[in-house]
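Reader: I would like to learn how to read a structure like this one. Where should I begin?

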Amino acid sequence: MDMKNVRKEINMISEKLNRTFAVVEEMIFQDAKKDPTGAQTYKLTVTLNQIFTELTEVMTKTGQAANASLHLTDKIDKLQARTTALNMQQIEEDLRQVREENQKLIEKYKDITKGKTPKIDKSTKSKKSGVSKRLVVEEAEDDGRYASDDE
């Protein structure tokens with residue numbers, strides 16, 4: 001049930017309550033003039049009307065609070081989606097920068113090793129295979145490929 005329908009229902013109930021109270025009040029007030037019990041009944045009817053009026057006010061405020069809660073939840077969802085999109089943009093920008101830096105390092109490495117072929121030295125241990133591979137640049141003819149001890 002959406003909030004507009006709840007609000008309409010509360011308004012209809014309040015109006016019906018006010019109309020009913022007006023009719024009952026008039027009838028009891030006439031009897032209260034003649035009978036002391038009628039006076040007590042009139043006071044109780046007025047008190048009952050006040051309680052129902054307060055109840056409808058509480059229902060209205062509860063509806064407004066629920067509506068505000070839904071509005072805030074929607075706003076939170078939108079902000080989270082926006083934040084996620086901004087985070088994704090930042091990640092993409094960081095990735096682009098890393099790729100640029102990698103490309104620059106590759107170019108720099110190629111400039112440094114011109115005329116030299118990198119060779120893999122397996123003399124120290126690694127965590128995975130027990131052997132670590134260390135890049136060693138040796139003077140060699142540049143044949144366009146990397147040499148290793150396995151060759």
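This is a predicted model: local features need pLDDT of at least 70, side-chain atom pairs count only at pLDDT 80 or more; totals for chains, interfaces and linings use all residues.

Reader: Which salt bridges does R96 form, and with which residues?

Author: A salt bridge needs a side-chain nitrogen of Lys or Arg within 4 Å of a carboxyl oxygen of Asp or Glu. The side chains of R96 and E93 meet this way, with 2.3 Å from N to O. R96 also forms a salt bridge with E100, where the closest N and O atoms are 2.2 Å apart. E93, R96 and E100 are therefore linked in a network, since a salt bridge is the link in each case.

Reader: What is the relative accessible area of E93, and what is that of E100?

Author: E93 has 29% and is partly exposed. E100 has 39% and is partly exposed too.

Reader: How many salt bridges are there by this rule?

Author: The count comes to 3 salt bridges. One of them joins D74 and K78, with the closest N and O atoms 3.4 Å apart. D74 and K78 are 4 residues apart in helix α2, which covers residues 36-112, so they are separated by about one helical turn.

Reader: Is K78 buried or exposed?

Author: K78 counts as exposed, at 55% relative accessibility. The cut-off for exposed is over 50%.

Reader: Now the whole chain. How many helices and strands does the chain have?

Author: The chain has 2 helices and 3 strands. Read from the N terminus on, the order is α-α-β-β-β.

Reader: How should I read two helices that pack together?

Author: Two packed helices are described by the angle between their axes and the distance between the axes. In this model, helix α1 (residues 3-34) and α2 have axes that come within 9 Å and cross at roughly 170 degrees. Angles over 145 degrees count as roughly antiparallel, so α1 is roughly antiparallel to α2. By class, the contact of α1 with α2 has 16 nonpolar, 10 polar and 4 charged residues.

Reader: Which residues does T45 touch?

Author: Leaving out residues up to four places away in sequence, T45 touches F21, V24 and I28. T45 itself is found in helix α2.

Reader: Is T45 buried or exposed?

Author: T45 counts as buried, at 15% relative accessibility. The cut-off for buried is under 20%.

Reader: What part of the 151 residues in the chain is buried?

Author: Buried residues make up 11% of the chain. The chain exposes about 12800 Å², and carbon and sulfur atoms supply 57% of that area.

Reader: And how should I read contacts across the sequence?

Author: Take the contacts between residues at least 6 apart in sequence, and ask what part joins residues at least 24 apart. In this chain that part is 45%.

Note on methods
Residues are numbered from 1 along each chain as its sequence is written. Side-chain values use heavy atoms; hydrogens and water are left out. Buried means under 20% relative accessible area, exposed over 50%, partly exposed in between (1.4 Å probe, protein chains only). Contact means heavy atoms within 4.5 Å. Accessible areas come from the Shrake-Rupley method with a 1.4 Å probe; for residues, only the protein chains shown count as cover. Axes are lines fitted to C-alpha atoms, for helices over the stretch in contact, and angles run from 0 to 180 degrees between N-to-C directions. Angles under 35 degrees count as roughly parallel, over 145 as roughly antiparallel, 65 to 115 as roughly perpendicular and the rest as oblique. Ala, Val, Leu, Ile, Met, Phe, Trp, Tyr, Cys and Pro count as nonpolar, Asp, Glu, Lys and Arg as charged, and the others, Gly among them, as polar.
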